[in-house]
There are 2 protein chains.
Amino acid sequence: MIPAGCPSAGSAHPLGLHAAHRYGCQVGVTRRAVLARAGLSAGALALGGSVRAVAAETSRIPYHGRYQGGVTTPQQARLLFQTFDATARSPHELRALLRAWTDAARVMCDGEPLAGSASRNRAPADTGEALGLAASRLTVTFGFGPSLFDGRYGVRARRPEALIDLPAFRGDRLDPVRCGGDLAVQVCADDPQVALHAVRNLARIARHLGAARPRWSQAGFAKTPGSSTADETGRNLLGFKDGTNNLSTADTGKMDGNVWVGDEDGPAWMRDGSYLVVRRVRARIERWDESDLDEQEDVFGRRKLSGAPFGGTSEFDPVDPAKLPRNAHIALANPRRAGSEAERILRRGYNYADGLLPDGHLDAGLFFAAFQRDPRRQFVPIQRRLAAHDRLNEYIVHTGSAIFAVPPGVRRGGYVGETLFAA
Amino acid sequence: MIPAGCPSAGSAHPLGLHAAHRYGCQVGVTRRAVLARAGLSAGALALGGSVRAVAAETSRIPYHGRYQGGVTTPQQARLLFQTFDATARSPHELRALLRAWTDAARVMCDGEPLAGSASRNRAPADTGEALGLAASRLTVTFGFGPSLFDGRYGVRARRPEALIDLPAFRGDRLDPVRCGGDLAVQVCADDPQVALHAVRNLARIARHLGAARPRWSQAGFAKTPGSSTADETGRNLLGFKDGTNNLSTADTGKMDGNVWVGDEDGPAWMRDGSYLVVRRVRARIERWDESDLDEQEDVFGRRKLSGAPFGGTSEFDPVDPAKLPRNAHIALANPRRAGSEAERILRRGYNYADGLLPDGHLDAGLFFAAFQRDPRRQFVPIQRRLAAHDRLNEYIVHTGSAIFAVPPGVRRGGYVGETLFAA
């Protein structure tokens, strides 16, 4: 917090340690401090307890932990996903990037601005657009793509077998500029400006280090706090509730069984990690919107308003595969037969809307994202079935695809991926 | 509200009058009703008073009024702006579109799904993705571009003189696919899914009528409720507070003087309307982020953290032009000399982030939007000064541009633009 009357509050640069020291102020001007001041009238600089500061703190998700955040974290309202091509010239430079990213992620998840060697004639360490904003439940989740293990960084032998190159699926129309990446960061927050700030500053750090270059990005949106009840299932852009039968993150047995990499899975460096598959699934919105309600419900195997499965009367009624239309989406996604439980994935996708295509149609749909313990026996068999038979295929097209190993969480003083490079 | 036990709540199509009638239910299943049900356990269909329903109602901004909403309405968190090329073959067809758009806007601003001639073997009247969501302070603001007055629709003589073709400004790098439009709709809401739903359904109506085709669209974001204090000035993506000296919408004198078209302005059909200028202003984010703090503050003429003008100590201190750096942005935007007050515009822009450019840089910046009484003596002279001298020009580039006449608000039973076609 800045002491009352500290000139840095009014006119000096607060974003770096040096600048704060320069004015004899306490170091570490924080977004919370700015928030606290925000309730004061112009010119008044006295600080005190503040409801906003409290609100800001309750919206913080600590960065450190056994697992990375953003996997079992309750879904935030906004996503900004970005991948990078690694340009580091050595394992050492790559580790330096991961250390710097870790430090920045920790600070940003705490709702603080980045601090660095700033002075008035240097660029600010933090880009500033999140000053005054709460932490907004920011999570920053890093992943490593298969191409990171190509030999440049001395980890070829440590590539997990589960980190496969995804096979081609029937009907794929993948755009190469929306696929792959050596590195990925999934940034989620309730405020899009907080999410953008995080990605922008991570990209800036990578640029400064010459260690990685942005490859592609995808923004998305899920339920907005206050717009519906917290426990109501959100709807996708086809108008159906989406996620009714998703794994419960509160079910630690399922998380251990289906999401987190266990001891027996190997490699050891991935213990407590997971595998993330993302697919950009464009919906043929205009075609869908002209299909009749019978057709729409047959496609999913659920009722549009209630979300009830065919044969049921409300959303969470058990699904009876025998009652479902042939090749209905939910019948193929989860056939509910021997082995189906082990296949289930933790979906954490976001709706997206990227404006108009040249033909005036919406470029909108679902940015599918799913965490799992082993894509070879989870995403791949599911998607093979869907690609071959899903009635929904008439209305969607997969335009982007990537897979990442999501390493375990970071201990204090450590860095993301440390287990890989220390292995 | 659906009576308890009405089968349409569980399994039937609720989106149209016919379907509801078919089950003997009260017509008009509403997003509020769905919200009310959302708090109930699966299978329970009884309805009662609901906190969610109340919350939903408080987030409604009635569509009808003397002025269109979305001008002096307190800014919502999200924008989706879309323009259209008119394809109607006659004034009659165009009026039919405006009537249908008006009806849909009214219903959606009330937080209701669109109703129509729906049955199970017809496409639902409402696309459904906003079911269960609050009205989210949705506003739908329609505008007419200069090209609508080209003679196709019998209103050439009624084109307002103030609805100029914007001149070229120095430094413009306008992309034709982000410019112009016969018709525009500015949709604002606190929930991006509610905004998308509105635009999508308006576009669908236009498609059904064969009356208009989407031309370009732009999404944007402003302050997220709960992420900062309501009265704190939001920051643009350059990290500066943006809007400190904006007109106050509570100042009815200024609204009458600078925003709303008055009796003396002509044409009569625009009385209580306004003129909207939009500019897509891409920021050269990466260049800006490497500029030092002195440079950044000199560019704006304000301090980055506090927002105080040079020579002041806090954000709302009066601006002293003599203290500002030469050609600072705020000095040129508002020179604070004779005539400056009459020039001032009501800005209602949104930050935008549209992913990555081919070079890996952010395609992000400000979607500038400003309402005014006469662009000839407001936006144009301001932008001429900025284009010629603004220090900010090194860091921004205008990539899209359009101007629209925003007709007055709609009386009950009327339609938007009625004063134009009845003139």
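Two residues count as in contact here if their C-beta atoms, placed from the backbone, lie within 7 Å. On that basis, the contact between chain A and chain B takes 70 residues from chain A and 70 residues from chain B. Keep in mind that this is a predicted model.

**Chain A overall**
- Chain A has 13 helices and nine strands.
- Of its 423 residues, 57% are buried.
- Take the contacts in chain A between residues at least 6 apart in sequence: 76% of these join residues at least 24 apart.

**Where chain A touches chain B**
- Chain A and chain B put 70 residues each into the contact.
- The top contributor is β4(A), which gives six residues.
- By class, this side of chain A splits into 26 nonpolar, 25 polar and 19 charged residues.

**The α5/α6 pair in chain A**
- Helix α5 of chain A (residues 91-109) and α6(A) cross at roughly 150°, and their axes come within 10 Å.
- An angle over 145 degrees counts as roughly antiparallel, so that is the label for α5(A) and α6(A).
- The crossing of these two helices is right-handed.
- From α5(A), the contact uses A:Glu93, A:Ala96, A:Leu97, A:Ala100, A:Trp101, A:Ala104 and A:Met108.
- From α6(A), the partners are A:Ala198, A:Asn201, A:Leu202, A:Ile205, A:Ala206 and A:Leu209.
- Sorted by class, the residues of this contact are eleven nonpolar, one polar and one charged.

**The α5/α6 pair in chain B**
- In chain B, helix α5 (residues 91-109) packs on helix α6 (residues 192-209) at an angle of about 150°, with the axes 10 Å apart.
- α5(B) and α6(B) are therefore roughly antiparallel, and α5(B) passes α6(B) in a right-handed crossing.
- Residues making the contact include B:Trp101 and B:Met108 of α5(B), along with B:Leu202 and B:Ile205 of α6(B).

**Helix α12 of chain A**
- In α12 (residues 379-389) of chain A, the buried residues are A:Phe379, A:Ile382, A:Gln383 and A:Leu386.
- Looking down the axis of α12(A), these buried residues fall within an arc of 90°, so they line one face of the helix.
- An α-helix has 3.6 residues a turn, so residues three or four places apart point the same way.
- The cover over the buried residues of α12(A) includes β5 (274-283), α10 (329-333), α11 (340-343) and β8 (362-372) of chain A.

Definitions and conventions:
Residues numbered from 1 in each chain as written. Chains lettered and ligands numbered in written order. Predicted model: local features only at pLDDT ≥ 70, side-chain atom pairs only at ≥ 80, totals over all residues. Helix = DSSP H or I, 4+ residues; strand = E, 2+ residues; numbered from the N terminus. Buried ≥ 20, exposed ≤ 12 C-beta atoms within 10 Å, placed from the backbone. Axes fitted to C-alpha atoms, helices over the stretch in contact; angles between N-to-C directions. Parallel < 35°, antiparallel > 145°, perpendicular 65-115°, else oblique. Left-handed = near helix turned anticlockwise from the far one by under 90°. Nonpolar A, V, L, I, M, F, W, Y, C, P; charged D, E, K, R; others polar. Arc of directions from axis to C-beta.
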